[in-house]
Amino acid sequence: MNGLIKDFTKGIIAENPVFRIVLGMCPTLATSTAVENGFWMGLAVIFVLTFSNILIAAVRKAVPDKIRIPAYIVIIASFVTIVDLVMHAFVPAMYEILGIFIPLIVVNCIIFARAEAFASKNPILNSALDGIGMGIGFMLSLIVIGFVREVLGTANLAWSGHSLFGKGLGFEPALVMIMPPGAFWTMGILLGLMNLATRKPKKRRARA
Amino acid sequence: MTYLYILLGGLLINNFIFQRFLGICPFLGVSKRVETAAGMSMAVIFVMTMASAVTWFFQHMLLVPFGVEYLQTIVFILVIATLVQFVEMVVLKTSPVLYQALGIYLPLITTNCAVLGVALINVVENYNLIESVVNGFASACGWSLAILLFAGIRERWEITDIPDVLKGFPIAFISTGLMSISFYGFQGLFQSLFK
């Protein structure tokens, strides 16, 4: 039981895919222009990650080692196609904003890394929880980055077209924050703050 | 003129790293030294140009005539994966040194979103075969330009006094942001060129 809970929670903070392992950077930077975009992107990734983990765990003993990568790619691509069609049908406005980053979930390193490192070695239930946990970790990271960028870049917060602060927060918005350079800076500074917060008095583990 | 537009656009304006956010993982992963970055760049240029051509044929000869465009993601990723396997075999046979240097990143070109990204952009922009190939080549060159510049900057970190908490990924992102904003300077040039 303890193992199951740990499989679920590790993805949220301890092994957060974005801030801890630094995977899946392309969609993280590209779709975190606003909280709402990050939320929908996160939702799509949670769906794909959970179901691909379940299916890969289910077939892990039947798939020969040599062809496992193409097999995983086909499984992941099938679920991405489902997400693509569903989002196109039900949330067309968001589908338009996220654009090619929906089909590009198929090459998201997080999903592939979890398939290879976890789902191919663990039972179905553990893999499902791992997928949900990692997906939630990804979504929360996107929401945090999106929050910083949206507040600084538009001086406001919006949800499905309604702004939460009426006329805004009363400072001149720094447009650069919702442009690409702002994404890199927000990510860099948040990672730096994370290092500062978790810094041990002794020598830290060297990264990169 | 269209080709020049696509070429310069892919190289400077819609740069894959600085503007479109595609291929960030290998950008951060193999940019530690200029030589490895150059090797990776060559592999990416080759794969992306080939992938643009091959996916165009699959899109316009197979998916559109049979009305199965919804299979696009699956077909494209399989085509790219096969192509990458082929490139991997060629590199392994011709240059074991380069193969060793690129390490795990060569098989991971498959999960390099830049390759699938350029194939999807070609479809979205409705490019014909030659435009697709030019776009694939230009985008890959833009990616390579970015990673080579970045590897050069990164080698300088060795002798720079960076705050302890910013070492590694944080400073990498901040530098990339600064490079990104400097690439905005090209937009003025571009507008006056194609007025």
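Val22(A) counts as buried at 8% relative accessibility, where buried stands for under 20% relative accessible area, exposed for over 50% and partly exposed for what lies in between, with a 1.4 Å probe and protein chains only. This is a predicted model, in which local features need pLDDT of at least 70 and side-chain atom pairs count only at pLDDT 80 or more, while totals for chains, interfaces and linings use all residues. Residues are numbered from 1 along each chain as its sequence is written, chains are lettered from A and ligands numbered from 1 in the order in which they are written, and side-chain values use heavy atoms, with hydrogens and water left out.

In chain A, Val22(A) sits in the loop between helix H1 (2–9) and helix H2 (25–30), helices being DSSP runs of H or I with at least four residues, numbered from the N terminus. Although Val22(A) is not a glycine, its phi is positive, at about 55 degrees.

In chain B, Phe21(B) lies in the loop between helix H1 (2–13) and H2. Phe21(B) is not a glycine either, yet has a positive phi of about 55 degrees, and its relative accessible area of 5% makes it buried.

The loop that joins helix H2 (24–29) to helix H3 (34–63) of chain B holds Ser31(B), a buried residue with a relative accessible area of 0%. Its side chain reaches the backbone oxygen of Phe27(B) at 2.8 Å, and a polar contact of 2.8 Å links the side chains of Ser31(B) and Arg154(B); a polar contact is a pair of N or O atoms within 3.5 Å, of which, within protein, one must be able to donate a hydrogen and the other to accept it, and residues adjacent in sequence count only if both atoms are side-chain atoms. Beyond its neighbours within four places in sequence, Ser31(B) is in contact with Pro26(B), Ile147(B), Phe150(B), Ala151(B) and Arg154(B), contact meaning heavy atoms within 4.5 Å.

Note on methods:
Helix = DSSP H or I, 4+ residues; strand = E, 2+ residues; numbered from the N terminus.
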